[in-house]
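Hi,

Here is the structure I said I would pass on. Have a look at it first, and then read on for what turned up in it.

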Amino acid sequence: MRSIWNGAISFGLVSIPIKLVNATESRSVSFRQIHEADGGRIRYRKVCELDGEEVSQAEIGKAYEESDGTMIPITDEDLAALPLPTAKTIEIVAFVPAGEIDPLQMDAAYYLSASGVPAAKPYTLLREALKRSDKVAVAKYALRGRERLGMLRVVDDVIAMHGLLWPDEIRAPEGVAPESPVSVREAELDLADALMATLGEVDISTLHDDYREAVERMIAAKAEGGAAVAPPEPEAEGGGQVIDLMAALESSVRAAKEARGQGGGVAEVTELTSRKSAPRTPKETGARKSTAKTAAKKTTAPARKSTSRTAAKETTAKKTTAKSTAKTTAKKSATKSTAKKASAKKATPRKRSA
(Lines give C-alpha, C1' and ligand atoms only; values in the text may rest on other atoms or scores of the structure.)
Protein backbone atom coordinates (compact mmCIF):
# COMPACT_ATOMS: atom_id res chain seq x y z
CA MET A 1 0.00 0.00 0.00
CA ARG A 2 1.19 3.47 -0.84
CA SER A 3 2.03 5.73 2.10
CA ILE A 4 0.43 9.17 2.26
CA TRP A 5 2.60 10.65 5.01
CA ASN A 6 6.05 10.01 6.45
CA GLY A 7 7.09 11.02 9.94
CA ALA A 8 7.64 9.60 13.41
CA ILE A 9 5.77 8.68 16.57
CA SER A 10 6.98 10.63 19.58
CA PHE A 11 6.70 8.34 22.61
CA GLY A 12 8.38 10.31 25.40
CA LEU A 13 12.03 10.42 24.39
CA VAL A 14 11.54 7.50 22.01
CA SER A 15 11.11 8.34 18.32
CA ILE A 16 9.65 5.69 16.00
CA PRO A 17 9.94 6.39 12.24
CA ILE A 18 6.65 5.40 10.56
CA LYS A 19 4.66 5.63 7.34
CA LEU A 20 0.97 6.49 7.26
CA VAL A 21 -1.22 4.26 5.08
CA ASN A 22 -4.96 4.53 4.45
CA ALA A 23 -6.81 1.75 6.29
CA THR A 24 -10.10 2.20 4.43
CA GLU A 25 -11.26 2.63 0.87
CA SER A 26 -14.50 3.66 -0.77
CA ARG A 27 -16.19 1.06 -3.01
CA SER A 28 -19.26 3.10 -3.89
CA VAL A 29 -20.16 3.40 -7.58
CA SER A 30 -19.48 6.90 -8.88
CA PHE A 31 -21.18 8.58 -11.84
CA ARG A 32 -20.20 11.29 -14.31
CA GLN A 33 -22.35 14.18 -15.38
CA ILE A 34 -23.27 14.17 -19.07
CA HIS A 35 -25.26 16.23 -21.53
CA GLU A 36 -28.47 14.22 -22.02
CA ALA A 37 -28.94 15.44 -25.56
CA ASP A 38 -25.72 14.02 -26.99
CA GLY A 39 -24.04 12.20 -24.07
CA GLY A 40 -21.15 14.62 -23.89
CA ARG A 41 -19.36 14.76 -20.55
CA ILE A 42 -19.81 17.83 -18.39
CA ARG A 43 -16.53 19.04 -16.85
CA TYR A 44 -15.77 21.61 -14.20
CA ARG A 45 -13.27 24.25 -15.13
CA LYS A 46 -11.58 26.68 -12.77
CA VAL A 47 -12.20 30.16 -14.04
CA CYS A 48 -11.17 33.48 -12.50
CA GLU A 49 -14.32 35.52 -11.84
CA LEU A 50 -12.47 38.81 -12.52
CA ASP A 51 -11.13 38.22 -16.02
CA GLY A 52 -13.09 35.09 -16.99
CA GLU A 53 -9.89 33.22 -17.87
CA GLU A 54 -9.43 29.51 -17.12
CA VAL A 55 -6.66 29.03 -14.53
CA SER A 56 -4.29 26.06 -14.24
CA GLN A 57 -3.61 24.31 -10.95
CA ALA A 58 -0.12 25.81 -10.74
CA GLU A 59 -1.60 29.32 -10.70
CA ILE A 60 -4.05 28.64 -7.86
CA GLY A 61 -3.14 29.71 -4.32
CA LYS A 62 -4.87 29.98 -0.92
CA ALA A 63 -6.64 32.91 0.73
CA TYR A 64 -8.78 33.56 3.79
CA GLU A 65 -12.08 35.31 3.14
CA GLU A 66 -13.24 37.77 5.76
CA SER A 67 -16.88 38.55 6.53
CA ASP A 68 -16.88 41.55 4.16
CA GLY A 69 -15.54 39.47 1.26
CA THR A 70 -11.93 40.68 1.49
CA MET A 71 -9.40 38.00 0.50
CA ILE A 72 -6.19 37.65 2.53
CA PRO A 73 -3.62 35.61 0.54
CA ILE A 74 -1.87 32.80 2.50
CA THR A 75 1.24 31.16 1.05
CA ASP A 76 2.83 27.82 1.82
CA GLU A 77 5.78 29.71 3.31
CA ASP A 78 3.44 31.45 5.75
CA LEU A 79 2.10 28.10 6.93
CA ALA A 80 5.57 26.53 7.09
CA ALA A 81 6.77 29.35 9.36
CA LEU A 82 4.12 28.57 11.99
CA PRO A 83 5.38 26.86 15.19
CA LEU A 84 3.80 23.45 14.53
CA PRO A 85 5.71 20.72 16.44
CA THR A 86 3.48 18.00 14.99
CA ALA A 87 4.28 18.86 11.35
CA LYS A 88 6.21 15.61 10.94
CA THR A 89 5.49 13.94 14.27
CA ILE A 90 2.61 12.02 15.81
CA GLU A 91 2.99 13.26 19.37
CA ILE A 92 1.44 11.00 22.02
CA VAL A 93 0.04 13.15 24.82
CA ALA A 94 -1.83 10.60 27.00
CA PHE A 95 -3.01 7.02 27.44
CA VAL A 96 -6.69 6.54 28.30
CA PRO A 97 -9.25 3.69 28.38
CA ALA A 98 -10.89 3.20 24.99
CA GLY A 99 -14.32 3.80 26.55
CA GLU A 100 -13.44 7.45 27.17
CA ILE A 101 -13.31 8.17 23.43
CA ASP A 102 -16.70 9.30 22.11
CA PRO A 103 -17.52 7.37 18.90
CA LEU A 104 -18.90 10.63 17.48
CA GLN A 105 -15.31 11.85 17.29
CA MET A 106 -14.17 9.00 15.04
CA ASP A 107 -12.94 10.06 11.61
CA ALA A 108 -10.65 8.49 9.01
CA ALA A 109 -8.56 5.40 9.88
CA TYR A 110 -4.91 4.75 9.06
CA TYR A 111 -2.32 2.02 9.54
CA LEU A 112 1.07 2.99 10.95
CA SER A 113 3.92 1.05 9.36
CA ALA A 114 7.41 0.89 10.82
CA SER A 115 9.78 2.69 8.47
CA GLY A 116 12.98 0.67 8.16
CA VAL A 117 14.66 -2.01 10.26
CA PRO A 118 15.74 0.28 13.16
CA ALA A 119 12.10 1.23 13.76
CA ALA A 120 10.98 -2.39 14.28
CA LYS A 121 12.08 -2.65 17.94
CA PRO A 122 10.52 0.59 19.31
CA TYR A 123 7.42 -0.02 17.13
CA THR A 124 6.96 -3.48 18.68
CA LEU A 125 7.61 -2.07 22.16
CA LEU A 126 4.81 0.50 21.78
CA ARG A 127 2.46 -2.09 20.30
CA GLU A 128 2.96 -4.57 23.14
CA ALA A 129 2.70 -1.81 25.77
CA LEU A 130 -0.66 -0.79 24.32
CA LYS A 131 -1.82 -4.41 24.35
CA ARG A 132 -0.83 -4.98 27.97
CA SER A 133 -2.24 -1.71 29.26
CA ASP A 134 -5.63 -2.25 27.57
CA LYS A 135 -5.60 1.46 26.73
CA VAL A 136 -5.38 3.66 23.66
CA ALA A 137 -2.99 6.51 23.00
CA VAL A 138 -4.27 10.03 22.34
CA ALA A 139 -1.99 11.91 19.97
CA LYS A 140 -1.70 15.11 17.98
CA TYR A 141 -0.46 15.22 14.39
CA ALA A 142 -0.54 17.48 11.34
CA LEU A 143 -1.93 16.37 7.98
CA ARG A 144 -3.00 18.31 4.87
CA GLY A 145 -2.21 21.72 6.30
CA ARG A 146 -3.80 21.50 9.74
CA GLU A 147 -3.23 19.94 13.15
CA ARG A 148 -5.46 17.01 14.05
CA LEU A 149 -6.29 14.76 16.98
CA GLY A 150 -5.77 11.01 16.77
CA MET A 151 -6.21 7.77 18.69
CA LEU A 152 -3.69 4.93 18.44
CA ARG A 153 -4.77 1.33 19.09
CA VAL A 154 -3.61 -2.17 18.19
CA VAL A 155 -5.27 -4.11 15.35
CA ASP A 156 -3.84 -7.64 15.08
CA ASP A 157 -0.08 -6.96 14.92
CA VAL A 158 -0.32 -3.41 13.60
CA ILE A 159 -0.74 -0.01 15.26
CA ALA A 160 -3.75 1.76 13.77
CA MET A 161 -4.60 5.42 14.13
CA HIS A 162 -8.10 6.91 13.99
CA GLY A 163 -8.40 10.56 13.21
CA LEU A 164 -10.56 12.29 15.81
CA LEU A 165 -12.61 15.42 15.61
CA TRP A 166 -11.76 18.06 18.17
CA PRO A 167 -14.25 18.19 21.05
CA ASP A 168 -15.54 21.61 19.96
CA GLU A 169 -16.36 20.15 16.52
CA ILE A 170 -19.07 17.90 17.99
CA ARG A 171 -22.47 19.54 17.99
CA ALA A 172 -24.72 19.34 21.04
CA PRO A 173 -27.93 17.37 20.29
CA GLU A 174 -30.22 20.29 20.99
CA GLY A 175 -33.76 19.98 19.68
CA VAL A 176 -33.17 16.44 18.40
CA ALA A 177 -34.93 14.39 21.08
CA PRO A 178 -38.77 14.20 21.07
CA GLU A 179 -40.16 17.36 22.61
CA SER A 180 -43.43 15.89 23.90
CA PRO A 181 -43.22 13.55 26.92
CA VAL A 182 -43.58 9.87 26.02
CA SER A 183 -44.16 6.97 28.41
CA VAL A 184 -43.16 3.41 27.54
CA ARG A 185 -44.91 0.44 29.14
CA GLU A 186 -43.11 -2.57 30.59
CA ALA A 187 -44.85 -4.88 28.11
CA GLU A 188 -43.49 -2.81 25.21
CA LEU A 189 -39.98 -2.93 26.67
CA ASP A 190 -40.31 -6.71 27.10
CA LEU A 191 -41.29 -7.10 23.45
CA ALA A 192 -38.40 -4.87 22.39
CA ASP A 193 -36.07 -7.07 24.46
CA ALA A 194 -37.55 -10.15 22.78
CA LEU A 195 -36.94 -8.63 19.35
CA MET A 196 -33.34 -7.77 20.26
CA ALA A 197 -32.75 -11.31 21.57
CA THR A 198 -34.29 -12.84 18.42
CA LEU A 199 -32.18 -10.73 16.07
CA GLY A 200 -29.15 -11.70 18.16
CA GLU A 201 -25.60 -10.96 17.04
CA VAL A 202 -24.07 -10.77 13.58
CA ASP A 203 -20.64 -11.24 12.08
CA ILE A 204 -19.88 -7.77 10.68
CA SER A 205 -17.60 -9.30 8.04
CA THR A 206 -20.60 -11.04 6.43
CA LEU A 207 -22.47 -7.78 5.76
CA HIS A 208 -22.24 -6.21 2.31
CA ASP A 209 -23.67 -3.37 0.25
CA ASP A 210 -26.78 -4.75 -1.49
CA TYR A 211 -27.49 -1.47 -3.24
CA ARG A 212 -24.01 -1.27 -4.77
CA GLU A 213 -24.33 -4.84 -6.07
CA ALA A 214 -27.73 -4.00 -7.63
CA VAL A 215 -26.23 -0.92 -9.32
CA GLU A 216 -23.35 -3.00 -10.71
CA ARG A 217 -25.75 -5.64 -12.08
CA MET A 218 -27.87 -2.92 -13.67
CA ILE A 219 -24.82 -1.32 -15.31
CA ALA A 220 -23.64 -4.70 -16.63
CA ALA A 221 -27.11 -5.46 -18.05
CA LYS A 222 -27.36 -2.08 -19.78
CA ALA A 223 -23.82 -2.43 -21.16
CA GLU A 224 -24.66 -5.79 -22.76
CA GLY A 225 -28.04 -5.05 -24.28
CA GLY A 226 -29.46 -1.92 -22.82
CA ALA A 227 -32.01 -3.86 -20.79
CA ALA A 228 -34.30 -1.72 -18.71
CA VAL A 229 -34.56 -2.18 -14.99
CA ALA A 230 -37.98 -3.11 -13.62
CA PRO A 231 -39.30 -0.39 -11.31
CA PRO A 232 -39.72 -1.37 -7.66
CA GLU A 233 -43.18 -2.30 -6.42
CA PRO A 234 -44.96 0.61 -4.75
CA GLU A 235 -45.05 0.46 -0.99
CA ALA A 236 -48.35 0.16 0.80
CA GLU A 237 -49.80 3.46 1.90
CA GLY A 238 -49.25 4.39 5.51
CA GLY A 239 -46.28 2.07 5.84
CA GLY A 240 -44.25 4.67 7.69
CA GLN A 241 -46.84 5.25 10.40
CA VAL A 242 -46.99 2.87 13.35
CA ILE A 243 -50.58 2.64 14.54
CA ASP A 244 -50.28 -0.18 17.07
CA LEU A 245 -46.81 -0.38 18.61
CA MET A 246 -47.44 -3.68 20.39
CA ALA A 247 -48.74 -5.31 17.18
CA ALA A 248 -45.75 -3.99 15.24
CA LEU A 249 -43.33 -5.38 17.83
CA GLU A 250 -45.05 -8.78 17.87
CA SER A 251 -44.96 -8.92 14.06
CA SER A 252 -41.28 -7.97 14.11
CA VAL A 253 -40.44 -10.75 16.58
CA ARG A 254 -42.41 -13.26 14.48
CA ALA A 255 -40.69 -12.17 11.26
CA ALA A 256 -37.25 -12.31 12.88
CA LYS A 257 -37.93 -15.85 14.13
CA GLU A 258 -39.09 -16.96 10.68
CA ALA A 259 -36.00 -15.42 9.09
CA ARG A 260 -33.77 -17.37 11.45
CA GLY A 261 -35.76 -20.60 11.05
CA GLN A 262 -37.09 -20.66 14.60
CA GLY A 263 -40.77 -20.81 13.67
CA GLY A 264 -43.24 -17.99 13.53
CA GLY A 265 -45.24 -18.38 16.71
CA VAL A 266 -46.88 -15.42 18.36
CA ALA A 267 -44.49 -13.63 20.67
CA GLU A 268 -45.14 -14.42 24.32
CA VAL A 269 -44.37 -11.44 26.53
CA THR A 270 -44.78 -13.60 29.64
CA GLU A 271 -41.79 -15.72 28.66
CA LEU A 272 -39.50 -12.84 29.60
CA THR A 273 -38.55 -12.01 33.17
CA SER A 274 -40.44 -8.91 34.21
CA ARG A 275 -38.34 -5.83 35.01
CA LYS A 276 -40.17 -5.46 38.35
CA SER A 277 -40.05 -9.21 39.18
CA ALA A 278 -43.83 -9.39 38.94
CA PRO A 279 -45.38 -12.89 39.10
CA ARG A 280 -45.95 -14.46 35.74
CA THR A 281 -49.47 -15.06 34.50
CA PRO A 282 -49.99 -18.78 33.89
CA LYS A 283 -50.91 -19.89 30.41
CA GLU A 284 -54.53 -20.82 29.70
CA THR A 285 -53.89 -24.58 29.50
CA GLY A 286 -51.76 -24.58 32.62
CA ALA A 287 -54.40 -22.57 34.47
CA ARG A 288 -57.10 -25.05 33.59
CA LYS A 289 -54.95 -27.98 34.65
CA SER A 290 -53.99 -26.39 37.95
CA THR A 291 -57.63 -25.42 38.60
CA ALA A 292 -58.80 -28.96 37.91
CA LYS A 293 -56.10 -30.38 40.19
CA THR A 294 -57.01 -27.94 42.95
CA ALA A 295 -60.68 -28.81 42.64
CA ALA A 296 -59.89 -32.50 42.71
CA LYS A 297 -57.78 -32.07 45.82
CA LYS A 298 -60.48 -30.05 47.50
CA THR A 299 -63.12 -32.68 46.60
CA THR A 300 -60.96 -35.61 47.65
CA ALA A 301 -59.79 -34.15 50.93
CA PRO A 302 -63.26 -33.68 52.50
CA ALA A 303 -64.27 -37.17 51.31
CA ARG A 304 -61.32 -38.71 53.12
CA LYS A 305 -62.05 -36.67 56.20
CA SER A 306 -65.75 -37.64 56.22
CA THR A 307 -64.86 -41.31 55.71
CA SER A 308 -62.42 -41.29 58.59
CA ARG A 309 -64.95 -39.48 60.79
CA THR A 310 -67.68 -42.04 59.92
CA ALA A 311 -65.34 -44.92 60.69
CA ALA A 312 -64.44 -43.29 63.98
CA LYS A 313 -68.10 -42.87 64.86
CA GLU A 314 -68.85 -46.51 64.00
CA THR A 315 -65.94 -47.65 66.14
CA THR A 316 -67.13 -45.47 69.02
CA ALA A 317 -70.67 -46.82 68.65
CA LYS A 318 -69.38 -50.39 68.72
CA LYS A 319 -67.39 -49.69 71.87
CA THR A 320 -70.41 -48.06 73.52
CA THR A 321 -72.63 -51.05 72.63
CA ALA A 322 -70.07 -53.44 73.98
CA LYS A 323 -69.86 -51.54 77.24
CA SER A 324 -73.65 -51.43 77.59
CA THR A 325 -73.90 -55.14 76.89
CA ALA A 326 -71.23 -55.85 79.46
CA LYS A 327 -72.99 -53.72 82.08
CA THR A 328 -76.35 -55.38 81.38
CA THR A 329 -74.81 -58.83 81.65
CA ALA A 330 -73.12 -57.88 84.92
CA LYS A 331 -76.39 -56.57 86.37
CA LYS A 332 -78.24 -59.78 85.41
CA SER A 333 -75.51 -61.92 86.97
CA ALA A 334 -75.62 -59.85 90.15
CA THR A 335 -79.42 -60.15 90.35
CA LYS A 336 -79.31 -63.92 89.88
CA SER A 337 -76.64 -64.24 92.55
CA THR A 338 -78.70 -62.22 95.02
CA ALA A 339 -81.78 -64.32 94.34
CA LYS A 340 -79.88 -67.53 94.93
CA LYS A 341 -78.57 -66.29 98.27
CA ALA A 342 -82.07 -65.31 99.37
CA SER A 343 -83.44 -68.72 98.46
CA ALA A 344 -80.68 -70.43 100.38
CA LYS A 345 -81.46 -68.44 103.52
CA LYS A 346 -85.12 -69.42 103.37
CA ALA A 347 -84.36 -73.10 102.91
CA THR A 348 -82.08 -73.39 106.05
CA PRO A 349 -84.06 -74.36 109.25
CA ARG A 350 -83.64 -72.23 112.38
CA LYS A 351 -82.61 -73.87 115.67
CA ARG A 352 -85.11 -73.64 118.51
CA SER A 353 -83.99 -72.69 121.93
CA ALA A 354 -84.67 -75.06 124.89
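Predicted model: local features only at pLDDT ≥ 70, side-chain atom pairs only at ≥ 80, totals over all residues.

Pro-122 is found in helix H2. Leaving aside residues up to four places away in sequence, Pro-122 touches Val-14 and Ile-16. The C-alpha atoms of Pro-122 and Ile-9 are separated by 9.8 Å, though the two residues are 113 apart along the chain.

Now the overall picture. The chain has 354 residues, and buried residues make up 15% of them. You will find 6 helices and 9 strands in the chain. If you take the contacts between residues at least 6 apart in sequence, 61% of them join residues at least 24 apart.

The barrel

7 of the strands close into a barrel, in the order S1-S2-S6-S9-S8-S7-S5, and the pairing is mixed. From one strand to the next, the twist averages 40°.

Strand S2 (residues 14–22) pairs with strand S6 (residues 106–114) in the antiparallel sense, over 5 bridges. Val-21 turns up again here, with Tyr-111 as its bridge partner in S6. Leu-20, for its part, stands opposite Leu-112 in S6.

In soluble globular proteins, nonpolar side chains tend to be buried together. Here the largest nonpolar core has 20 residues, and those with the most contacts inside it are Ile-9, Ile-18, Ile-90, Leu-112, Leu-152 and Met-161. At least two residues of this core come from each of S1, S2, S5, S6, H2, strand S7 (136–143) and S9. Which strand gives the most to this core? That is S7, with 4 residues.

The aromatic pair

How many aromatic pairs does the structure hold? There is 1. Phe-11 and Phe-95 form it edge-to-face, at 5.9 Å centre to centre and with 70° between the planes. The pair links distant parts of the chain: Phe-11 is in strand S1 (residues 3–11) and Phe-95 in strand S5 (residues 89–96), 84 residues apart.

Salt bridges

Side chains of opposite charge can pair when their charged atoms come close. In this model the count comes to 8 salt bridges. One of them joins the side chains of Glu-25 and Arg-27, at 3.0 Å from N to O, and both of these residues are exposed.

Another salt bridge brings together the side chains of Glu-128 and Arg-127, also at 3.0 Å from N to O. What sets the two partners apart is their accessibility: Glu-128 is partly exposed at 36%, whereas Arg-127 counts as buried because its relative accessibility is 14%.

Then there is the salt bridge between Asp-157 and Lys-131, at 3.6 Å from N to O. Asp-157 sits in the loop between strand S8 (146–155) and strand S9 (158–164), while Lys-131 is in helix H2 (residues 120–133), 26 residues away. Lys-131 is partly exposed, with a relative accessible area of 37%. Salt bridges with shared partners join Arg-127, Glu-128, Lys-131 and Asp-157 into one network.

Happy browsing, and talk soon.

Technical notes
Residues numbered from 1 in each chain as written. Heavy atoms only, no water. Salt bridge = Lys/Arg side-chain N within 4 Å of Asp/Glu carboxyl O. Buried < 20%, exposed > 50% of the residue type's maximum accessible area, 1.4 Å probe, protein only. Pairing = 2+ DSSP bridges. Axes fitted to C-alpha atoms, helices over the stretch in contact; angles between N-to-C directions. Phe/Tyr/Trp six-rings, centres within 6.5 Å; stacked < 30°, edge-to-face > 60°. Contact = heavy atoms within 4.5 Å. Core = buried A, V, L, I, M, F, W, Y, C linked by side-chain atoms within 4.5 Å.
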